[in-house]
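User: I am new to this structure and would like to learn how to read its features. Please take me through them step by step.

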Amino acid sequence: MSAIQAADLVRRFGEVEAVRGVSLEVAEGEIYGFLGPNGAGKSTIVRILTTLLQPTSGSGHVLGHDVTREPTTVRRLIGVALQEAGLDPKQTGRELLTLQGKLYGLKGKVLGDQVVEVTELVGLTDAIDRRIQTFSGGMKRRLDLASALLHRPRVLFLDEPTTGLDPLSRALIWDRIRELRERFGATIFLTTQYLEEADELADRVAIIDHGRIVRQGTPAALKAEIGADVIDLAVEERETGAAREAITELQASGELPQGELRGTRDGYTLFVPDGPQNIAVLIRGLDRAGVRFGAVSVSRPTLDDVFLAATGGRMAAAHEDGQDGDGQREPEPAGSGRRAS
Amino acid sequence: MSAAAPGIGSADGRVPAGEPQTLAAPAGLISDVVAITGRAIRGILREPELFIFALIIPVFFFVVQIGALGKVAEQQLGISDYAAFQLPISILFAAASTSGGNALVLDIAGGYWDKLSLTPAHRSSLVVGNLFGEMFAVLGYSLVLLVFGFLIGVRFDSNPVIGSLGLLALTLLFGIGFASVSIAVALATGSVRATQSTFIIFFPLLFLTPSALPRQLMTGWFEKAVSLNPMTYVVEAARSFLFGINGTVIAKGFLAAALFSCLTFALTALAFRRRVRMG
């Protein structure tokens with residue numbers, strides 16, 4: 001039995017179709033990364049699968065239970081940490097967890113033990129008796145995660161759990177997510193804008209754009225779909241025309257294999273097979289054409305490249321707005337942020 | 001965290017046999033309401049300044065009315081104790097100015113409503129618990145004002161214990177009606193500003209009553225409007241607890257308060273259904 005199953009989910013808000021026929025299946029014990037830019041439909045799908053929102057059509061099941069027909073059973077089986085950690089600032093952390101536990105039917109020693117356990121798990125033991133209004137953003141996220149774990153859910157929905165967090169808090173949340181899967185075999189549905197996060201944590205990734213899943217698979221398989229290495233080339237702005245012309249000529253003459261050429265903030269990215277061999281061909285060709293260029297590097301494709309190929313670069317635009325994470329590439333020339341061409 | 005032991009978990013049999021279970025189990029409506037009410041009361045106690053501010057206007061009106069009209073009313077209109085005549089108005093005034101929807105709308109706007117809605121608790125407990133929390137505040141205001149009245153010399157013509165308990169019961173019933181309006185607006189709009197504006201409705205409802213003078217001294221359109229206002233009967237019943245218990249007057253008052261509360265609670269129920277459907 002699948003832990004999570006969605007079949008042709010559609011959700012409209014008036015004229016706007018936020019989710020347009022999404023089907024997915026998540027196996028028990030899997031970490032499933034749901035990747036997409038702001039407004040792609042990630043949170044709407046999470047709200048449907050966690051019983052907060054009814055779909056316009058289609059169906060969703062968690063551990064075989066229909067999310068619209070058996071919402072109370074589904075709520076007992078899942079834990080949810082939503083994107084905006086909605087916590088009552090007037091309560092202390094312990095009061096919030098205790099109330100949450102009572103609403104899940106926990107009581108007495110079991111409730112007390114669970115509060116202590118999840119508090120330790122997220123590293124909030126010292127702060128748990130403070131009012132939540134004194135918590136930092138990272139602490140609130142961790143408390144929200146703790147409250148989602150109180151009743152030992154079998155399926156955990158984490159909606160952008162690290163958005164806006166500092167690197168230290170993000171690393172801590174990542175550790176906890178890995179621990180949850182390793183120790184308890186929990187199924188984790190993780191939405192994120194961070195390509196790096198999906199790459200680090202997820203067994204499988206779905207990329208959603210404009211309310212539709214446009215790619216789905218393991219990170220390795222998705223990267224392999226690109227079928228090429230990535231050469232990043234930095235050129236000054238006045239040289240971009242000449243550089244493009246030189247590369248096009250190299251491809252036309254057969255010196256460089258055919259491959260996608262994409263403009264970036266600092267120059268170009270070229271997708272070609274056998275990158276280490278062809279980087280030398282490229283450099284010689286640019287030299288010969290008299291094109292002045294800066295750093296040149298070759299790397300394996302990342303989820304960033306998969307994302308760009310799948311969505312036409314909307315995530316890259318979000319990067320530049322500072323809303324987003326960072327595609328990871330080693331080595332990466334300084335300041336080589338991509339720009340969709 | 002250790003893995004859930006076999007057999008621990010939902011005891012209601014709703015989780016299919018053989019599946020590893022979570023620790024979640026049905027808590028029951030009463031337990032849910034008690035938990036949410038406890039949280040609402042904690043919130044009220046954590047902001048005593050709001051409690052004090054809510055008492056300032058009723059106390060101000062009480063003192064000003066007595067100062068301005070007390071002597072005239074007692075000497076010219078034959079009202080034996082104008083402070084006692086005004087005390088129920090102050091108490092109802094305080095009960096009407098409570099805004100049960102404020103805490104709820106902040107939960108909705110801040111996302112805590114969603115957090116609570118994700119639990120298997122009865123969703124109606126999220127509303128009823130808030131309402132009960134607000135009744136705790138109404139009880140607090142009423143007791144403070146009763147003690148204040150006692151300190152300035154107000155006395156019950158009837159048995160003071162029965163009179164006080166009756167007045168408190170009527171005030172709570174009336175308070176449920178006003179708090180429900182605010183909660184309905186909170187649920188329907190999710191807007192903090194709209195919810196905070198609901199107190200405006202108590203001006204016509206409470207001032208088109210015999211709040212300053214007995215109804216028999218009123219004339220013309222004002223007297224007609226006052227007679228049509230169900231709050232008039234609540235005010236008169238509240239006074240009856242101080243000026244000698246009159247069963248008919250009190251029954252009319254309770255009936256008016258109950259009808260008002262049923263109507264506004266029905267609005268709350270509709271708004272609640274809409275909110276739950278909207279997600």
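User: In which hand does helix 3 of chain A pass helix 5 of chain A?

Analyst: A crossing is left-handed if the near helix is turned anticlockwise from the far one by less than a right angle, and right-handed if clockwise. Helices (H or I, at least four residues) and strands (E, at least two) are DSSP runs, numbered from the N terminus. In this predicted model, helix 3 of chain A passes helix 5 of chain A in a right-handed crossing. Local features need pLDDT of at least 70 and side-chain atom pairs count only at pLDDT 80 or more, while totals for chains, interfaces and linings use all residues. Residues are numbered from 1 along each chain as its sequence is written, and chains are lettered from A and ligands numbered from 1 in the order in which they are written.

User: Which residues make the contact of helix 3 with helix 5 of chain A?

Analyst: Two residues are in contact if their C-beta atoms, placed from the backbone, lie within 7 Å. Helix 3 of chain A contributes A:Gly93, A:Leu96, A:Leu97 and A:Gln100, and helix 5 of chain A contributes A:Leu143, A:Ala146 and A:Ser147. By class, these are four nonpolar, three polar and no charged residues; Ala, Val, Leu, Ile, Met, Phe, Trp, Tyr, Cys and Pro count as nonpolar, Asp, Glu, Lys and Arg as charged, and the others, Gly among them, as polar.

User: How does one read the domains of chain A?

Analyst: Domain bounds come from an automatic or database domain assignment. For chain A that assignment gives domain 1 (4-217) and domain 2 (223-320). Their C-alpha centres lie 38 Å apart. Twelve residues of domain 1 of chain A are in contact with ten residues of domain 2 of chain A. On the domain 1 side, helix 7 (195-201), strand 9 (204-209) and strand 10 (212-217) of chain A each supply at least two residues.

User: How many helices and strands does chain B have?

Analyst: Chain B has twelve helices and zero strands. Of its 279 residues, 45% count as buried, a residue being buried if 20 or more other C-beta atoms, placed from the backbone, lie within 10 Å of its own.

User: Which helix of chain B gives the most to the side that touches chain A?

Analyst: In total, 32 residues of chain B are in contact with 37 residues of chain A. Helix 1 (29-46) and helix 5 (112-117) of chain B each supply at least two residues of that side, and helix 1 of chain B gives the most, with seven residues. The side of chain B that touches chain A divides into 15 nonpolar, nine polar and eight charged residues.

How values were computed: Buried ≥ 20, exposed ≤ 12 C-beta atoms within 10 Å, placed from the backbone.
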